[in-house]
Amino acid sequence: MQFNAANIPGVIEVTNVKQEQLYYLIRTQPHWKTSYNLLGISQDVIGQIKQISSSNWPNFKITIGSQAITNVYHVSNSRHQLMIAPSLHWIIKGNLFENNYIVHNFHHKLIMTVDNIYFKNGHEGYLLNIEDTAEPKIGILLAAVLNQTSRNTKNKRSIERLKGQQMKVSLKRNIDMHFNKR
């Protein structure tokens, strides 16, 4: 999955290892809820993940086509995130700040891994390794919500740090450091 440069909710391109487009994820309204539609290349809606609770650690519902697949519940709301998808018998564990997750079933068989990566063009993304026994569409929808939850947490932590500190700025000329902003 490749995210736009600023990680602003919108269109997320999903590609395979050869960088061929497979799907698009579109953030849906209202923006106070985290919900995404999974679209095919022909722009048809294949599935969706919707926020079903309005807490700081919301729960979600995954549907593929018109079939409800599972709900995803937050069990732990610490740095080390723990979620379950009971209908699939999945456990989602990961580090909220580093954006690395492991998904396995109740028998500890690996289903999927999610790793934070950067593409050659500088864009941020996830590398999903999905086992053959799992449905890739469900993994893609789950990864979109993991990304959004992590982003919200990082933004809240940054704001809290700024409130608690007095900002000191010193200007230095550093030729070795270049920022490429679009």
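Predicted model: local features only at pLDDT ≥ 70, side-chain atom pairs only at ≥ 80, totals over all residues.

Let me begin with strand S6, residues 67-76, and strand S7, residues 80-85, which run antiparallel and are joined by three bridges; strands here are DSSP runs of E of at least two residues, helices are runs of H or I of at least four, and both are numbered from the N terminus. Within that pair, Tyr73 has Ile84 in S7 as its bridge partner.

Residues are numbered from 1 along each chain as its sequence is written, and side-chain values use heavy atoms, with hydrogens and water left out.

Stepping back, the open sheet has eleven strands in the order S1-S2-S3-S4-S5-S6-S7-S8-S9-S10-S11, with antiparallel pairing, where two strands pair if DSSP finds at least two bridges between them. S1 and S11 stand at the edges with a single partner strand each, so one side of each is left without a neighbour in the sheet.

Now to the loop between strand S4 (45-51) and strand S5 (60-64), where we find Ser53. Which residues does Ser53 contact, leaving aside its neighbours within four places in sequence? They are Pro58 and Asn59, contact meaning heavy atoms within 4.5 Å.

Finally, the lining of the largest pocket: a pocket is, on a 1 Å grid over the protein atoms alone, an open set of points where a 1.4 Å probe fits, with protein on both sides within 12 Å along at least five of seven lines, and lining residues have an atom within 4 Å of a point. Of its 17 lining residues, Thr15, Asn16, Val17, Leu127 and Leu128 lie nearest the centre, and S11 gives the most, with five residues.
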